[in-house]
Amino acid sequence: VAAISVACLLASFAVVHSLNMEKADYGFLMTLVFAAGKTGLTKVNYPLVPWIGITGLGLLYRWYWLKDPLRAYKNTLWGGLILVALFCLMRAIDGPWNFRPQVDGSGFSFLQATKCPPSLSWLSLQMGINFLLIWLFWKGENVIERDGKVLLDYGRSPLFFYVMHLYLYAVMSLFVFNKHVTAASLAAFWWLVGLAILWPLCRWCGGFKRSKHPDSFWRFL
């Protein structure tokens, strides 16, 4: 799994870096496998090769966690800090890990690493944040179990939440987001409204999954 993950990520970074990132259409096969973007009537946000590599990293962390959960939780703090620091270094020093350099010297431009396809700098930032959140949730486990059960309802149906939020916010954008030109404060308000709408749905989905056998297909959702 480690070898396949590393090979997929390295291949993805090498291929994408060789492309002209200003080009609008790389062809269906290249877009589907490596590049992301639009080709004809098809839009690809998650090209296969890099995301297979990222999925493999998730499997590796799960294996590492099962070996010693306490050790894994403790090490997520240092892992998260190192990865965030690595992101800052990669964004400060232009290189192939960015895909696209900073447009200007603003903080927004600094944080705007390329996700589609995933650059190494973006991957470092997201994994770093994920590790720090895992550590925080671990340290606050008792508080969450007591006062934050809403978060657990979302967390027990992650794929369901992800798929549903895409369609919900797409519909909301037609009516309340003014074609994505909306003040940040209003966007945050409607984002919270969307979360409130999704909460009972996620709660139902989580209960439905727990009612099924551990080997049931529904547990994957």
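**A ring and its surroundings**

Tutor: Let's start with F208, which is partly exposed, with a relative accessible area of 24% (under 20% is buried, over 50% exposed, and partly exposed is in between, with a 1.4 Å probe and protein chains only). W204 is exposed, at 54%. Keep in mind that this is a predicted model, so local features need pLDDT of at least 70 and side-chain atom pairs count only at 80 or more, while totals for chains, interfaces and linings use all residues. Residues are numbered from 1 along each chain as its sequence is written, and side-chain values use heavy atoms, leaving out hydrogens and water.

Now for the rings. There are 12 aromatic pairs here, counting rings of Phe, Tyr and Trp (its six-membered ring) whose centres lie within 6.5 Å; planes under 30 degrees apart are stacked, over 60 edge-to-face, and the rest tilted. One of the pairs is W65 with Y73, an edge-to-face one with 6.0 Å between the centres and 80 degrees between the planes. Y73 has 22% relative accessibility, so it counts as partly exposed.

Helix α3 (residues 48-67) packs against helix α6 (residues 120-139) at about 25 degrees, their axes 13 Å apart. That angle makes α3 roughly parallel to α6 (under 35 degrees is roughly parallel, over 145 roughly antiparallel, 65 to 115 roughly perpendicular, the rest oblique). On the α3 side, the contact (heavy atoms within 4.5 Å) is made by W51, I54, L57 and Y61. From α6 come W122, L123, M127, F131 and I134. The residues of this contact divide into nine nonpolar, no polar and no charged.

One last stop is L159 in helix α9 (residues 158-175), which is partly exposed at 39%. L159 and C202 are 43 residues apart in sequence, and their C-alpha atoms are 9.9 Å apart in space.

Terms used
Axes fitted to C-alpha atoms, helices over the stretch in contact; angles between N-to-C directions. Helix = DSSP H or I, 4+ residues; strand = E, 2+ residues; numbered from the N terminus. Nonpolar A, V, L, I, M, F, W, Y, C, P; charged D, E, K, R; others polar.
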